[in-house]
Amino acid sequence: MGKLLMKGNEVIAEAAVHAGCKYFFGYPITPQSELVAYMARRLPEAGGLFLQAESEIAAINMVYGAAGTGVRVMTSSSSPGFSLKQEGISYLAGAELPALIVNIARGGPGLGNIQPAQSDYFQVTKGGGHGDYNIPVLAPATLQEIIDLIREAFEIADRYRTPVILLGDGMLGQMMEAVEFPEKPAVKETHKEWTTTGTRGDGAPRVITSLDLNAESLEQRNEHLQRKFASIRQNEARFETLYCEDADYFVVAYGTVARIAVNAVKKARKDGVKAGLIRPITLWPFPLQPFIDTRDRAKGYLAVEMSAGQMVDDVRLSVNGRAAVSFFGRTGGVVPTQEEIYEQLIITAGGGDVNENGI
Amino acid sequence: MKTVFEKTSGLKDTPTHYCPGCTHGIIHRLVAEVLEEMDILEDTVGVASVGCSVLSYDYFNCDMTQAAHGRAPAVATGIKRVLPDRFVFTYQGDGDLASIGIGEAIHAAARGENITIIFVNNAIYGMTGGQMAPTTLIGQKTATSPDGRNAALQGMPIKVAELMATLDGAAHIERVSAHDVPNIIKAKKAIRKAFETQKAGLGFSLIEVLSSCPTNWGLSPTESLEWIKENMLPIFPLGVYKNSSVGGKA
């Protein structure tokens, strides 16, 4: 196929088509609108269907209906619109319906702005909607990685009967990079025996619901969900490390911030500081392994985010008190620079506890 | 021996949870009989809403999906757009459809979604214990309008059939009532016409059925049927508000 120069939002859309997604229910919001527009043009020619819903709430519920028929289906939004989808996401989790939801996050809270941010981390990784549930969250750092992760997202969704979130930020959505799609779309479809498509001679009617009025049986249902989440924790955590074998100090960053942090880590190593990078690729489940591997010898961790300090909580839990954890963040759509991260890394290496309370 | 009456195969053999005298049971049976008579039970996916009819998925003998409060028309849209050759219906009350879900209902109609909505209007929230609904009548006492609905404070009741009929995507819109036998027979014809409209691919259909709530109205079952006739019919006139071209037969 060769390399193509594409925008992040368009890569997400094309990657979904390659992964066998035929149905998209969307609603415009900056900075993810190119994704919706791309699907409106692309899906009909791929034999699928694009429908613009009247709201994010309607869109996620259309996804719920379509997911119940067993097809690969998705929607996308950005932070304020993503908040509106939370009700539907809780229902998808409760009714165990596979679907992909993309959040190209922007500055908040409230209407915030349209610049890149990572301040929806709590919302996507800690449940977000009501009830006891978690959702696998994938956080690509490059446009090429989007292509792999979208395919994996649909496979995880089908394998565990769960919604999956792809979390990017406005920068990832808007940037252009050269990408290469696999020659033949590799679609691994799962047989789904639980769908509601009309019985058509296939036994008794089926029901898709998250309701259970009996406390004991709803508890059993929750225990089933928790076993599933435990299995996802066990099998689906993904991460990347750089220079971690001999590092003393570890920068922890995901998505676009990780790309900037790489250069700060490289510069610090040149200047004699043994720095490494841990890049979580799944934010839930948060990858424990790179911290287990390093926390007993680490001299310090520095979490860097485009938020006031959200992922840093998971870093602290993973380090579990065995080393100092400091934090550096910018908010409101401000992107931390390589120099700023380098500076914080040097302070961390000097034993200083940088901005322990936030920014 | 000649069989003169049989239980419809459109309903499962499950006792319902509805209160004595509530007309939900009758409306369920009308929908079920239509699905059975059209021989489409195996080609149908129903969408249950939130409210008294939330458990309708335990009663209808076809594939069912349970939707979030008010979102049934969006869920039905998702199903129908994937499976255009299946019959898709929602069964919603007035709190669900006319209040929290009015946006989803209007836009499904505006898009001309080829689905059928059975809209059960009993002028009150039943499941949550008798609060004011958008269809509550002026002067009607409820848990949240203890002195009676006051137009200056709470506005006027929403007339859903009339509202939906203004939308170009709506193919068949009709209001019927379940308060006596002649009207129940008419209600079944209307429901049949709605599913025939869907079968012909003509677009959105909605049948509003006036229904009773003896428990929350504080009336006996017989008084409740009389209350529909005396109080609801003048505000919610029965009739066809938008007529599709298919011939309905019962």
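## Chain A and chain B: their interface and selected local features

Between chain A and chain B there are 4 salt bridges, a salt bridge being a side-chain nitrogen of Lys or Arg within 4 Å of a carboxyl oxygen of Asp or Glu. This is a predicted model, in which local features need pLDDT of at least 70 and side-chain atom pairs count only at pLDDT 80 or more, while totals for chains, interfaces and linings use all residues. Residues are numbered from 1 along each chain as its sequence is written, chains are lettered from A and ligands numbered from 1 in the order in which they are written, and side-chain values use heavy atoms, with hydrogens and water left out.

One salt bridge joins the side chains of B:D85 and A:R200, at 3.5 Å from N to O. On the side of chain A that touches chain B, helix 3 gives the largest share, 7 residues; helices (H or I, at least four residues) and strands (E, at least two) are DSSP runs, numbered from the N terminus. In contact terms (heavy atoms within 4.5 Å), 30 residues of chain A meet 33 residues of chain B. The two chains bury about 2700 Å² between them, 58% of it on carbon and sulfur atoms, where buried area is the accessible area (1.4 Å probe) that two parts lose on being put together, summed over both. Within chain A, A:E54, A:R200 and A:P205 lose the most area to chain B, together 20% of what that side buries.

A:R200 also has a backbone feature of its own, a positive phi although it is not a glycine, and A:Y243 is likewise a non-glycine residue with a positive phi. Both are partly exposed, a class that lies between buried (under 20% relative accessible area) and exposed (over 50%), with a 1.4 Å probe and protein chains only.

| Residue | Phi | Relative accessible area | Loop of chain A |
|---|---|---|---|
| A:R200 | about 45° | 42% | between strand 8 (176–180) and strand 9 |
| A:Y243 | about 60° | 30% | between strand 10 (239–242) and strand 11 (249–252) |

Chain A also holds cis peptide bonds, including the one from A:T30 to A:P31, with omega near 5°, and the one from A:W284 to A:P285, with omega near -5°. A:P31 is in the loop between strand 2 and helix 2 (33–45).

In chain B, helix 9 has a kink of about 30° centred on B:I228, the bend at a residue being the angle between axes fitted to the seven residues ending there and the seven starting there. B:I228 is buried, as are B:S224, B:W227 and B:M232 of this helix.
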